[in-house]
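Trainee: Please put the structure up. I would like to work through it by question and answer.

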Amino acid sequence: MDGHNSAREIVGVPPLEYEPLLARYARVYSNERRQDCKLIHSPGYGFGENLFWGQGLGWSAKNVVDAWVNEKKWYNYENNTCLGKECTHYTQVIWRTTERIGCAQILCNNGDTFITCEYYPPGNYIRARPY
């Protein structure tokens with residue numbers, strides 16, 4: 001939560017609140033990926049979603065959120081575009097109308113780390129600005 005809300009504070013949007021139902025959904029979906037650890041998005045059911053896969057152990061929630069927020073360097077606010085690299089994890093983190101979050105972290109059967117964060121309401125609408 002701290003990493004998300006620190007990034008949101010920098011751009012002047014309200015902090016996120018933890019939502020147990022979103023965390024439960026994230027856990028259920030993460031468990032579905034336990035066999036293969038593939039970065040395939042869930043059906044979503046009206047949620048925004050950030051996924052992370054990391055080789056082996058040693059990935060903390062802080063590491064992952066820092067990686068998503070680090071995509072800020074690829075986001076161009078003037079043009080509302082990503083500059084040649086992925087930045088949509090970052091824009092979901094800071095999406096102004098998103099109010100709640102729930103996340104889950106699992107170890108896949110191969111020993112790798114898989115993290116899912118669910119956001120409601122979702123963000124990353126085409127041609128809309130995150131803040």
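Mentor: P14 touches R8 and R96, leaving aside residues up to four places away in sequence; contact means heavy atoms within 4.5 Å. This is a predicted model: local features need pLDDT of at least 70, side-chain atom pairs count only at pLDDT 80 or more, and totals for chains, interfaces and linings use all residues. Residues are numbered from 1 along each chain as its sequence is written, and side-chain values use heavy atoms, with hydrogens and water left out.

Trainee: How many Å separate the C-alpha atoms of P14 and T98?

Mentor: P14 lies in the loop between helix 1 and strand 1 (17-18). Helices (H or I, at least four residues) and strands (E, at least two) are DSSP runs, numbered from the N terminus. P14 and T98 are 84 residues apart along the chain, yet their C-alpha separation is 8.7 Å.

Trainee: Which side chain of opposite charge is nearest to E71?

Mentor: E71 sits in the loop between helix 3 and strand 3 (75-76). E71 is buried, meaning under 20% relative accessible area (1.4 Å probe, protein chains only).

Trainee: Which backbone nitrogen does the side chain of E71 reach?

Mentor: The contacts of E71 include E86, C87 and Y90, with residues up to four places away in sequence not counted. At 3.2 Å, the E71 side chain reaches the backbone nitrogen of Y90.

How values were computed
Buried means under 20% relative accessible area, exposed over 50%, partly exposed in between (1.4 Å probe, protein chains only). Lys and Arg count as positive and Asp and Glu as negative; His and the chain ends are not counted. A salt bridge is a side-chain nitrogen of Lys or Arg within 4 Å of a carboxyl oxygen of Asp or Glu. A polar contact is a pair of N or O atoms within 3.5 Å; within protein, one must be able to donate a hydrogen and the other to accept it, and residues adjacent in sequence count only if both atoms are side-chain atoms.
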